[in-house]
Amino acid sequence: MELVPDIVAPAPWQLEGSGVIWYYPITKAFNQKYGFLAGYQAASYVAGFGAVMYVDYTSSGVGPYQELLYIPGLFKMNGKLTFTISKIYVSTYDSVWNGRENWGILKERAIFNTQPNKTGGLDIGVSREGQTFFEAQVQPKGPKVPLYSWLFSWFRVMQLKGTELLLTKPTLQGHAQWASSKTQSADPRLFPPVQQLKPLMTLYIPDFKMVFPKAQALPYKP
């Protein structure tokens with residue numbers, strides 16, 4: 001029997017928080033083996049410039065939660081170039097349920113253990129059933145620069161829900177810093193093994209405000 005969430009929160013969501021983005025060149029072979037691609041994603045794959053994101057939401061439609069996700073690259077769905085999420089974990093069941101319901105994002109529950117370290121960075125750990133499957137150490141450096149929504153006007157995400165594609169175009173503003181990752185690893189049984197990839201760049205986002213709007217439903221055309 002499906003669990004009932006404590007909070008039902010239809011879109012749009014207003015979110016605030018901080019996070020880390022690792023950008024990668026990712027080969028098709030890597031995604032075919034490790035990318036957790038659903039059938040509709042594998043069929044629409046275009047190019048492998050993707051990302052891993054860790055996000056700490058201090059406020060959202062369902063309250064605070066943390067998130068780890070994988071974007072395999074660019075895809076072409078219904079004639080539109082788009083991004084899609086193939087693996088995602090969050091720290092609360094309310095986020096799991098509402099993410100699936102609102103945007104077709106197949107979130108899973110995990111335990112997050114993220115701590116500031118002695119040098120002003122972050123030590124990130126994510127686990128399931130007592131086993132850590134993702135670890136990273138992130139060190140911000142340099143000045144903070146502004147992020148504006150228009151810089152992300154091209155960013156959109158499509159996820160399949162039933163027979164429909166749900167198209168979502170979030171907006172974001174805040175600040176960013178360059179960062180380095182001294183360590184980063186993942187268990188391929190639960191998340192793409194990022195230790196096999198070399199980031200093009202790593203960004204630390206110390207503060208952001210984001211709007212995740214109501215998704216646009218499109219008939220899926222395989």
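## Basis

Residues are numbered from 1 along each chain as its sequence is written. In this predicted model, local features need pLDDT of at least 70, side-chain atom pairs count only at pLDDT 80 or more, and totals for chains, interfaces and linings use all residues, while side-chain values use heavy atoms, with hydrogens and water left out.

## The sheet

Strands here are DSSP runs of E with at least two residues, and helices are runs of H or I with at least four residues, numbered from the N terminus. Two strands pair if DSSP finds at least two bridges between them. An open sheet is built from 10 strands, in the order 8-7-4-3-1-15-14-11-10-9. Its pairing is mixed. The edges belong to strand 8 (108-109) and strand 9 (111-116). Each has a single partner strand, so one side of each is left without a neighbour in the sheet.

Strand 1 (residues 13-25) pairs with strand 3 (residues 49-59) in the antiparallel sense, over 10 bridges. There, G17 stands opposite Y57. Strand 1 also pairs with strand 15 (residues 201-212), again antiparallel and over 10 bridges. G19 faces I205 of strand 15. Strand 14 (residues 171-186) runs antiparallel to strand 15, joined by 8 bridges. A179 has T202 in strand 15 as its bridge partner.

## Helix 3

Helix 3 spans residues 93-103. Of its 11 residues, 8 are buried (under 20% relative accessible area; exposed is over 50%, partly exposed in between; 1.4 Å probe, protein chains only). The helix is therefore largely enclosed by the rest of the structure. Among the buried residues are W97, N98 and W103. G104 follows helix 3, and its phi is positive, near 70°.

## Aromatic pairs

Rings of Phe, Tyr and Trp (its six-membered ring) pair if their centres lie within 6.5 Å; planes under 30 degrees apart count as stacked, over 60 as edge-to-face and the rest as tilted. The whole structure holds 14 aromatic pairs. W13 and W103 form an edge-to-face pair, 4.9 Å centre to centre with 90° between the planes. W13 lies in strand 1 and W103 in helix 3, 90 residues apart. Both W13 and W103 are buried.

Y54 and F112 have ring centres 6.4 Å apart and planes at 35°, so this pair is tilted. Y54 is in strand 3 and F112 in strand 9, so the pair ties together parts 58 residues apart in sequence. Y54 is buried at 2% relative accessible area, and F112 is buried at 12%. Ring pairs also link W22, Y70, Y89, F133, F134 and F191 into a cluster.
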